Amino acid sequence: MKVLILEQTSELSELMGLYISSLSSAEVISVHRLSEAQNELKDAGINVVILNQSFTEAGKDSFFVDCKTLHPSTSIVIVGDGPLPAGAAYLVHPGHLVQELKEMMKASFWKAHSGKPTEVPVPLSPYLVYRLGVCPADLFLKLGENNWVKLFNQGAPFGEEDRIKFEQKGLKEFYILSDDIHRAIDYFGDLLSSLKASSLIEDAPLVADAGEFLWQSLKENGFREEFQKLASEAIKGSLILIRKEPELKKFVEKMFRPEHAWMVRHNLIIAHVACALASQMGWNSEQTYQKIATAALLHDMALPRLDQDEEVWLMGVGGEKISVNLDHEMKSFLQHPIEGSEMVRRHKSIAPDTDKIILEHHELPDGHGFPRGLSAHQISPLGAVFIFSHAIATILIHEKDPRKWNMAMLKDRLSQDRWINGHFKKAWQALEMTNLFG
Ligand SMILES: [Fe+2]
Ligand SMILES: [Fe+2]
């Protein structure tokens, strides 16, 4: 990364250069004469130009205009009292120069150029970018731990050829900086809402991709109002697909590609199974489906690690008590239903009781669940359906190959005598009557 500084006094220019070099790996060129800066600007490798406001004010002949014309992708930082000229990336106030420069190095434009994001970036599927046709943010490739390379700039076109080239190299994911999540979320919300319900079945992987990206973003940020549009579009899309494809194996076949993460499978299979059971029990209102699909998307948002739900379920099935040897990670795992339900309760747009399903999703009919150790009779009806569906989804995903999924295997793994109390009994009966596997 190359930075060019143009300040009228040579001491200040040098000082700023030294400070930036001490905090980053950028190569810094400090100059104080316009002619020197113009000379340096001939080098096409300059990523950031930092210049005093006075060099923006000479109309057509200003250095600012030179930078914009010669290197449109170079980010320009203005040192002055503002306002920030159109096309400049950042404003540094000269009053607290050291502090301001430090802040500047946290800004997304700087991180994008440095190629070394300080925060953990969020993965994004190339297919989703391809469907958008344009890069919603700067796209990075992960070369190793803390080793990133920027492959595409925000706004660059991204067509089928780009996707194929990328996937042929065996690369599965892009990454975007967490600062760019909001922008990408808006793009994908618009993309999903533009899909027609009639053609959605062909676009099923897009719903899974958007759900996966949303889930990663939620993990970084918690559930925030800005995510509302994409969340509701993803939920709407998943419900249309669930209604269109009641046979679970076909739903899975259409929805997922091999690279889809465990969590997105977990969430969507739970939604599918729980809607099927609820509908068998006569609870087939849109509102019930909404609560189920929303809880399915958000229930593990507060999990410390991705596939812990499966791990703990398998421990439980193996007879291990999860209350022994509580390490730090396990303690925070036991809190995730509480944290997740609290995050959801704060949002008026989410239907009431969705938080209750999330709070209850690790309770068990024998009273050995968590966080409250409720008995089967204390667990709410929809909570029971969700818990049962959560168990079903976990067993099926663990079995991996959907061709081996069938009712006999599932019932054997679930063992009926665990599910005979409270609303679990009705949920079991509903399972026996549904045509989940065609
Ligand atoms: Fe969970
Ligand atoms: Fe879960």
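**Figure 1. Burial in the predicted protein chain.** In this predicted model, 38% of the 438 residues of the protein chain are buried. The chain contains 19 helices and nine strands. Its C-alpha trace spans about 85 × 45 × 40 Å along the principal axes. Of the contacts between residues at least 6 apart in sequence, 69% join residues at least 24 apart.

**Figure 2. The largest nonpolar core.** This core holds 85 residues, and the members that touch the most others are Ile176, Ala210, Val273, Ala274, Ile292 and Phe388. Helix α12 (residues 262-280) gives the most to the core, namely twelve residues. Beyond its neighbours within four places in sequence, Val273 is in contact with Leu248, Ser389, Ile392, Ala393 and Leu436. Another core, of 25 residues, lies apart from the largest one; Ile5, Ile20, Val48 and Ile76 are among its members.

**Figure 3. The buried face of helix α3, residues 63-70.** Three residues of α3 are buried: Phe63, Phe64 and Cys67. Seen down the helix axis, the buried residues of α3 fall within an arc of 110°, so they line one face of the helix. An α-helix has 3.6 residues a turn, and therefore residues three or four places apart point the same way. The elements that cover the buried residues of α3 include β1 (2-6), α2 (34-40), β3 (48-52) and β4 (75-79).

**Figure 4. Strand β4 and its two partners.** Strands β3 and β4 run parallel and are joined by five bridges. Within this pairing, Ile50 has Val77 of β4 as its bridge partner. Strand β5 (residues 90-92) also pairs with β4 in the parallel sense, over three bridges. Here, Leu91 of β5 stands opposite Ile78.

Note on methods. Residues numbered from 1 in each chain as written. Chains lettered and ligands numbered in written order. Predicted model: local features only at pLDDT ≥ 70, side-chain atom pairs only at ≥ 80, totals over all residues. Core = buried A, V, L, I, M, F, W, Y, C linked by C-beta atoms within 7 Å. Buried ≥ 20, exposed ≤ 12 C-beta atoms within 10 Å, placed from the backbone. Helix = DSSP H or I, 4+ residues; strand = E, 2+ residues; numbered from the N terminus. Contact = placed C-beta atoms within 7 Å. Arc of directions from axis to C-beta. Pairing = 2+ DSSP bridges.
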